[in-house]
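Please keep the sequence and the structure in view while reading.

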Amino acid sequence: MSSPKNVLLVFLASNGGVDGIQSAHDGENQKHGLKNLVNRTAGNLIKKTQFAIPPLALMILASAEVEGIRQQICDLRFEELPLDAPWDLIAISVQTGTASQAFRLARSLRDQGFCTALGGPHVTLFPDSCQPHADVLVCGEADDLWKKVLEDLKTGTLQPRYTASALPDLAIPRPVRAGLFDPSRYFTTNVIQTGRGCPFSCDFCNVHVLNGNRLRQRRIPDIVDEVQRFREQDNSIFFFVDDSIDASPEYAEQLFSQLIPLDIRWFGQATTMLGQKPRLLETFARSGCVALLTGIESIEQQSRSAHRKAQNRATELARNIITIRQSGISLYGSFIYGLDGDTLETPSAILDFIRHTGLDVPGINILRPNPGTRVFERLREEGRLLFDPANLDAWRYTFGQELLYRPKHIDPHDFIDSYCTLTRKIFTPLQSIRRGISAPAAGAAVTLFNLFYTYLYSLSRRDLRLQQKKSL
Ligand code: SF4
């Protein structure tokens with residue numbers, strides 16, 4: 001019998017957010033040597049506060065069982081690459097923000113004699129530019145495709161490119177293995193996906209591009225089973241990673257009704273329209289939902305229309321948020337400032353909105369025109385990108401540390417001034433404590449997250465000011 005083949009699945013650390021933030025200008029400006037040291041220390045502290053969650057895509061791949069194949073995940077946010085083992089294939093998951101890093105690593109591994117594969121969203125969107133960097137490309141949702149790759153690895157018939165012929169039917173049971181990660185490193189390892197796809201088409205988002213506009217859902221008994229199995233390994237909170245856990249209210253109602261007896265605590269992502277679904281909202285609260293993340297994006301109707309944020313009218317947002325909070329669920333609300341309907345009046349409107357709704361954790365993002373989205377193509381055609389679109393390093397920083405385009409109605413200098421003023425007003429230690437005290441649930445986490453953002457936005461202001469001086 002031939003010896004088993006060993007496969008390593010690699011997840012890269014990005015240069016920001018929960019991975020331990022770095023300044024976009026670290027190392028460039030010696031005057032800020034002390035600040036750089038402080039930032040590195042704070043970055044390490046942020047890592048240790050454990051907001052990180054494990055990479056679900058790699059958990060799904062590692063759960064594919066093929067006889068004669070052994071798989072292991074390496075999360076480079078916490079581990080070194082174990083290159084002393086005889087890996088038959090090393091596969092790297094690639095997001096646009098980590099693409100340059102992934103390509104460098106793949107080339108170096110190839111030079112050391114390892115067979116390498118690349119997959120993930122960036123590879124799916126841009127296979128031709130990724131092909132030269134690895135032996136094998138895996139394009140598309142790889143739930144079924146990955147087994148074919150593993151079979152071919154076994155028989156020595158690996159092909160240079162594998163492309164999913166269709167979006168997988170998620171109703172076919174594909175249990176995700178529990179216990180793949182050390183729970184002490186993460187906010188939670190209880191990461192569950194109930195479905196994929198989004199019926200909406202916001203132009204700054206590529207979820208609908210990658211996963212399609214049709215909602216594909218898993219079977220409810222498979223999810224209930226997964227929750228039970230995961231809970232045996234990690235007793236912490238569950239994270240339902242779906243982009244809109246309320247996208248199908250009937251399905252969500254059935255699923256979370258069945259989770260009530262399991263007595264878990266959970267958080268997830270939902271639309272603000274949940275505020276108009278009282279029955280579902282009550283079921284969420286009864287099933288242990290303590291917090292939801294919601295993409296508010298813009299409170300300006302003009303901006304919502306300009307970017308195809310079709311669901312939910314601006315006038316309904318505040319009422320929905322207040323209703324959701326009244327049900328005992330804390331809300332993280334994510335805004336994008338700098339959309340095409342925004343003006344210099346927008347920041348004070350955002351500030352009033354946050355005060356009025358009592359939003360527990362506000363996220364104030366600058367529009368990121370990611371490659372593969374419609375807004376990227378439009379801004380490129382309109383000559384509004386402030387960077388070379390071929391330079392993948394422009395997306396290294398996942399947080400709002402750089403302005404990547406010219407806002408439509410606001411001069412870039414004025415935009416940075418107004419963005420910095422807005423975040424300075426929203427994020428202070430005192431506001432963080434106040435929000436934690438008034439949060440309907442998970443007050444300690446709300447305080448901690450606001451404090452984390454207070455630091456992160458101070459760094460963002462510093463980087464944006466440097467960009468103002470250097471290149472605007
Ligand atoms: S932003 Fe949300 S609602 Fe809009 S397309 Fe993306 S996932 Fe769907």
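## Terms and model

Two strands are said to pair if DSSP finds at least two bridges between them. Strands are runs of residues that DSSP assigns as E, at least two residues in length, and they are numbered from the N terminus. With this in mind, K5 stands opposite I69 in β2. The model discussed here is predicted.

## Overall form

The secondary structure of the chain amounts to 17 helices and 14 strands. Along the principal axes, the C-alpha atoms occupy a box of roughly 70 × 55 × 40 Å. A compact globule of 472 residues would have a radius of gyration near 23 Å, and the value for this chain, 22 Å, agrees with that expectation.

Of the 472 residues, 45% count as buried. Contacts between residues at least 6 apart in sequence can also be examined: 74% of them join residues that are at least 24 apart.

In general, strands of a sheet pair through backbone hydrogen bonds, either parallel or antiparallel.

Seven bridges join β1 to strand β2 (residues 69–75), and the two run parallel. Strand β3 (residues 89–93) also runs parallel to β1 and is joined to it by four bridges; here V10 stands opposite I92. Elsewhere in the sheet, three bridges link β5 (residues 136–139) with β6 in the parallel sense, and C139 stands opposite T163 of β6.

## Helices and a loop beside this sheet

The loop between β2 and β3 contains R77. This residue has 18 C-beta neighbours inside 10 Å and therefore counts as partly exposed, a class that lies between the limits of 12 or fewer for exposed and 20 or more for buried. R77 and L12 are 65 residues apart in sequence, yet their C-alpha atoms are 6.6 Å apart in space.

## The sheet that contains β10

Another open sheet of six strands has the order β7-β10-β11-β12-β13-β14, again with parallel pairing. Strands β7 (190–192) and β14 (361–366) stand at its edges with a single partner strand each, so one side of each has no neighbour in the sheet. Neighbouring strands here are turned by 15° against each other on average, direction ignored.

Within this sheet, strand β10 (residues 238–240) and strand β11 (residues 266–269) run parallel and are joined by three bridges. The bridge partner of F238 in β11 is W266.

## Two residues with positive phi

D263 is not a glycine, yet it has a positive phi of about 55°. It lies in the loop between α9 (249–259) and β11. Is D263 buried or exposed? With 9 other C-beta atoms within 10 Å, D263 is exposed.

E297 likewise has a positive phi, near 65°, in a residue other than glycine. E297 is found in strand β12 (residues 289–297). Since E297 has 25 C-beta neighbours inside 10 Å, it counts as buried.

## Surroundings of the ligand

Which residues surround the ligand? The residues around it are C198, F200, S201, C202, C205, V207, H208, D243 and G295. Sorted by class, this shell holds five nonpolar, three polar and one charged residues.

Definitions and conventions. Residues are numbered from 1 along each chain as its sequence is written. This is a predicted model: local features need pLDDT of at least 70, side-chain atom pairs count only at pLDDT 80 or more; totals for chains, interfaces and linings use all residues. The radius of gyration is taken over C-alpha atoms; the globule rule is 2.2 Å times the number of residues to the power 0.38. Two residues are in contact if their C-beta atoms, placed from the backbone, lie within 7 Å. A residue is near a molecule or strand if its C-beta atom, placed from the backbone, lies within 6 Å of it. Ala, Val, Leu, Ile, Met, Phe, Trp, Tyr, Cys and Pro count as nonpolar, Asp, Glu, Lys and Arg as charged, and the others, Gly among them, as polar. Axes are lines fitted to C-alpha atoms, for helices over the stretch in contact, and angles run from 0 to 180 degrees between N-to-C directions.
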